[in-house]
Amino acid sequence: MGDAIFKQRSGYLGVGIVARCGILTPAQVSGLGELAQAVECRYCKLTTRQTLIFVIPETKLEDLRAGVAALGLRVGVFGEIVRNVKACAGNKDLCQRSLSDVFELGGEIQDRFMDRPTPCDFKIALAGCHRGCTDPLCADYGIIATGNDTYNVYLGGRGGSRKPIHARPIATGITGEGVINLLTFILERYDALAEPRERICNTIARVGLEPFLPPEDFLTRYRPQEENDFLAFAGF
Ligand code: SF4
């Protein structure tokens, strides 16, 4: 685990910069432009995980750190921890298909869980509807809105590898509060069940999904009553 600062073959440093679920204010955008020029940034790269990479001379690192902090942003982290949260354009200002405010929920999750140590890196993605623009089924913990403040949760996905894995459903129709409390439960189970540096999909492959499933009354507590009535009617 450490700061997301990587020496490149060119001798430059690549420095990861994280915003809250990838959202930047206009002041931060213009401030980043000025900062990029001040630190002689060669490229500003948008990443698939909604961070920015500044490629800078090594001598400018401390100036960049100070400038990033002054803008209310932070240098990213890497390694065996919960990473920054990836959330889609899912709120009423940004996507007309959004069923719930996933920025609000994603921001809360990032504030509470980012940097928490885990057996291996742990990635979270939220989507505001089943179209899943943030690939929640490729995340360790994927969240998809199904209605206003109701979500389905998926566990153990993995993208960007030679063997991509689809996450499996572990909860349906729970509230944002339930999503957060279920994440706490899952991370505790992951700590207890995983070998060192074992990605959660590999822990699931080794011990099965069952040991990660919360008791049903845990989930019932976080379902709106009508959702519980429907699940009882459907025989779940
Ligand atoms: S997942 Fe749905 S709500 Fe989110 S950006 Fe895509 S279409 Fe919009």
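In the predicted model, strand β3 (residues 13-18) is joined to strand β5 (residues 52-56) by five bridges, the two running antiparallel. Within this pairing, G16 has I53 of β5 as its bridge partner. β3 also runs antiparallel to β6, with two bridges between them, and here V18 stands opposite R74. A further antiparallel pairing, over three bridges, links β3 to strand β2 (residues 5-7); L13 is the bridge partner of K7. β2 and β3 form a hairpin in which five residues separate the strands, and G11 in the turn has a positive phi of about 100°. Because five of its six residues are buried, β3 is largely enclosed by the rest of the structure.

The loop between α2 (61-70) and β6 (74-75) contains L71. This residue, L71, counts as buried because it has 20 C-beta neighbours inside 10 Å. Apart from neighbours within four places in sequence, L71 is in contact with Q28, G31 and L32. The C-alpha atoms of L71 and A192 are 38 Å apart, at a sequence separation of 121 residues.

Helix α4 comprises 18 residues (176-193), which should span 26 Å at 1.5 Å a residue; the distance of 25 Å between its end C-alpha atoms agrees with this. Buried residues of α4 are G176, G178, V179, L182, L183, I186, L187 and Y190. They pack against α3 (102-113), β10 (141-147), β11 (150-155), β12 (168-174), α5 (200-207) and α6 (216-220).

The ligand is surrounded by C88, A89, G90, C95, R97, S98, A127, G128, C129, R131, G132 and C133. By class, this shell has six nonpolar, four polar and two charged residues.

Technical notes:
Residues are numbered from 1 along each chain as its sequence is written. This is a predicted model: local features need pLDDT of at least 70, side-chain atom pairs count only at pLDDT 80 or more; totals for chains, interfaces and linings use all residues. A residue is near a molecule or strand if its C-beta atom, placed from the backbone, lies within 6 Å of it. Ala, Val, Leu, Ile, Met, Phe, Trp, Tyr, Cys and Pro count as nonpolar, Asp, Glu, Lys and Arg as charged, and the others, Gly among them, as polar. Helices (H or I, at least four residues) and strands (E, at least two) are DSSP runs, numbered from the N terminus. The expected span of a helix is 1.5 Å times one less than its number of residues. A residue is buried if 20 or more other C-beta atoms lie within 10 Å of its own, exposed if 12 or fewer, and partly exposed in between; C-beta atoms are placed from the backbone. Two residues are in contact if their C-beta atoms, placed from the backbone, lie within 7 Å. Two strands pair if DSSP finds at least two bridges between them.
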